[in-house]
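Hello,

Here is the structure we talked about, followed by some notes on what turned up in it.

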Amino acid sequence: MSAADVDVLRFEQLAVAGRERLRAGDAPGAAAPLGEAVALWTEPPGTEPPGTEPATVAAVEPAAATRLAHSSVEAAADLAEAELALDNAAQAAARLTGLLAERPGYERAVALLMDALAAQGRQAEALARYEEFRETLADEFGTGPGAALRERHLRLLRAAQPAPVPTAPKAAGEAPNNLPVPLTSFIGRDDDLARIGTLLAEGRLVTVLGPGGAGKTRLAVEAARRHRDAYRDGAWLIDLASVTDPDKVGGAVLAAIGLRGAALFDASARPRSNSGDELDVLTDQLDGREILLVVDNCEHVIDAAAHLLSALLTRCAGLRVLATSREPLAIDGEALVPLGPLALPDPLADLQQARRTPSVRLFADRAAAMRPGFDITEDNLADVLRIVRSLDGLPLALELAAARLRTLTLTGLAEGLSDRFRLLTTGSRTAFPRHRTLRGVIAWSWDLLPTGARIVAERIAVLPGGITPASAAAVCMGTTVLVRDIPELLADLVDRSLLQLAPDTGRHRMLETIREYGLERLAEQNTLPSVQNLAAHYCADLVAHYDPLTRGPEQLHALHTLRGEHDNVLAALRHLCDTNNSDRAIALALDLTWYWQMLGRPDAAAYWLGEATAIPTDRPGLEHEIAEGLLLTSQAGQNALFSGSFKEGSTRLRTLAERLLSHGELPGFTGALVTIKLALPHKTQKGKAIIQRLAEGPDAWLAGYAHISRAHAAENEGDLDQARADATAALQCFTRSGDHWALATTLPLRSLLRQYDGELQGALGDLQEAKQLASEFGALSLHDEIYIDLRQFDLLVRLDQTARATELIATTRERALRSTAPGMAILLDAREARLMVQTGNLDRARQLIEAAESGLSTQLPLDDDHGRALIATVRAELCLQLADGPGAAHALTRAYTAAVNSQDLPIVATVAVTVAGLAELLGRHRDAAVTLGAAARLRGDQDRTDPHIRTLSTRTRTALGHKDFAEAYRAGWQLDATAALARSNPALVAPPLS
């Protein structure tokens, strides 16, 4: 006889095998042997439950019987854990409930049951289970729950703030997304799902149409979940419900996807625009991506959404949009998916026909979640048909009605609905029948709420961006609701389908249809403004708390929290502005300044600072002037914030700068920020003293900011000694502060300085480290990736690693082909053309530079002087290789004009080197040497690793002799910046032809 023939031995083998697979993470592999093991113990029906000692074994070997009884309990718990891992929470909950009925003190089963209940959205029951278990332990054993169970309880109570990174890695090959994890099954709509899939494959814009409560959002999200892997850059949900200003629809898209509004790195060698237009920003970020945007709740900003999406679809070839709205967007290429109610059963349908009908299936599924074991039978079929048909097949109405089964019988539910709809006939007769049906169900659900839950439901309606226990408690201040009861009340609202819980973030969300009803209730009670005040003050305090944390080791968590509350914060800011609360609005806008800076959103900073400072006030304080100062400089964007290159162009700014700087030390972080921005352009001793004081101050982060701001300004002015000292100090300060974002933005400057010093490997290392640090804050934009690639390309050329440089530029070109922005391809053509000139492949160089020039006048921004200077300089270098002096002179005239207009001295220095090459071609060797020296003065360094400079210097030194070359070079090096700028003019070498 083998072990397989003995039930006890077979049970032990199966239980051990299943447990080992479960511990190895193989839930499907564990479920089969564990299920068989539990079946051996519990079948046939009537057999003793797990935990009971087998009588036949106990009679012979009592210790073995006790061990087997314990093993049977563990096997049942293991099976429940496997079922839970396989998303079969209902079956796991039923198994664990039975187990606890026999062994109420089994802590592991309590923990698993809490998980199973929470997975079904039944948080209140999970919390009640914990309290019941805690009381049992205290009464019977005089002890309390273990640490693991207490932690589960705390997680449920807190609905903890989301972690700064996902709690689990995405499966291999899974596209990135922010789609909510569904807590319930998706039922019906198979034809609509198939139609959406077909339309997205054939077109690029699909709009799901339907009234509130029809299930538009759930259908769109489900469709996106099923098709997300078809898009390399994933599928992203953008909820416009919280957008109160049509002009801010673009900002909502950026915030939802987590994209930067501007490049992280200072990419002066690529097209740049000072425009704050959100369409340009979005195009810049979405261009080249293969991405699906699910734009939800468009109806209240329909015109703005339509214009934005139409423009984006035109500009971004890889973009697809799945929108939801109560009316069409009415733009070219839109395909519509009208969404009616779910199919209703025939009034005389039999049991099998009813069970196949989508509306009945949805109701039955949600009813089973409220009342485990619920099923449609011949006995209750009439009530089910009556309920489902009375609700017109509206999904939200069906879910709300099913939630009532927690406290009502099926017959009681049917009768209650009938009474409610009789009352509705006295309401508005102009409303659509289905709208009256849905409103009636919502109102009935509301009226049946306990007082505390109703107060919470009404007040959290002012939070369009989602709810946490903390924000719910804030808006319930001054009511009878106790803070400690908030988590349970939120869980109760989830159970009643009036609220949704996102398990991956811990945030609650109220459907827009229900939120609208809550706001109406507040308005009827004349409490809406006061509750909005509470929400605004909570958001302002939250931002004030997290703003300093964005500049230290907790910055990822701080950014994650602020992103989560973004919509609520903007609603708060809008409310403060609309109610003329000047002081609070300015304080909140100032506290958001650095958050917007990190996200690359100077346009958002400018908009809200403008709104806040425009509020009438009798006595504007110092904070008002600080906000005005930041407003006037915010259009300079990221480059000016870290470079000091802002151009004072107005009397208003000069007057404000003088007034603010006269204070010496302005209060708070934003006071220091505006001080640095205004003091740097002031080349006065007072301005320098202010920067020096901050650089030597006790605040390490502010000291680092002062250093890096001064370093960028010094590099732009050719003072590389100052730039080196300040960049080094800034890195030390930001390292002490634990600010990885600031380190990422500082390292590219040190890389450039190392490049000038000949430390080429170190320069490459700095770029790699900057890229790695920046990736902590999300995927780099296409422009940031290409900026780093081009910097690395330049270093590889200097290292004579031509093959690697050529390979890199080819890879970069492939990446750029994902973009429809022509400027990127133009600059890549110019960079590769320069490499071809240096390696002697002049035919290829000519093709590339001609391609760049062909689209120059129409495809680069009119203000992109950097790009125009680069292209014209490369054309001049090609002409020099072809001994075409007039062609080189003509190209250099264009290059010099653009470089001077850029006010970027290193760019002028690049042009000056080629001017020296023209002088050398014309036999004016001394002029060539002097101009090389002037170029070094403008740059602030000799830059001896540049192949062009190295070759040209060698030839000129050979022509002049070492002594005369050194003398002429020194003459150019000793010029001041103004004289060096003038000496670089190509007209001094080759006067223009008349």
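Where is the place of A883? A883 sits in the loop that runs between helix 44 (865-881) and helix 45 (885-902). Please keep in mind that this is a predicted model.

Two backbone angles deserve a note. A883 is not a glycine, yet its phi is positive, at about 60 degrees. Its relative accessible area is 55%, so A883 is exposed, given that the cut-off for exposed is over 50%.

D800 is the other residue with a note on phi: the angle is near 60 degrees, again a positive value in a residue other than glycine. D800 belongs to the loop between helix 39 (782-798) and helix 40 (802-816). Because its relative accessibility is 57%, D800 counts as exposed.

The remaining item is a lysine, K216, in helix 10, which covers residues 216-227. Is K216 buried or exposed? K216 is buried, and it has no salt bridge.

Leaving aside residues up to four places away in sequence, K216 touches V208, L209, G210 and P211, along with T324, S325, R326 and L339.

Regards

How values were computed
Residues are numbered from 1 along each chain as its sequence is written. This is a predicted model: local features need pLDDT of at least 70, side-chain atom pairs count only at pLDDT 80 or more; totals for chains, interfaces and linings use all residues. Side-chain values use heavy atoms; hydrogens and water are left out. Helices (H or I, at least four residues) and strands (E, at least two) are DSSP runs, numbered from the N terminus. Buried means under 20% relative accessible area, exposed over 50%, partly exposed in between (1.4 Å probe, protein chains only). Lys and Arg count as positive and Asp and Glu as negative; His and the chain ends are not counted. A salt bridge is a side-chain nitrogen of Lys or Arg within 4 Å of a carboxyl oxygen of Asp or Glu. Contact means heavy atoms within 4.5 Å.
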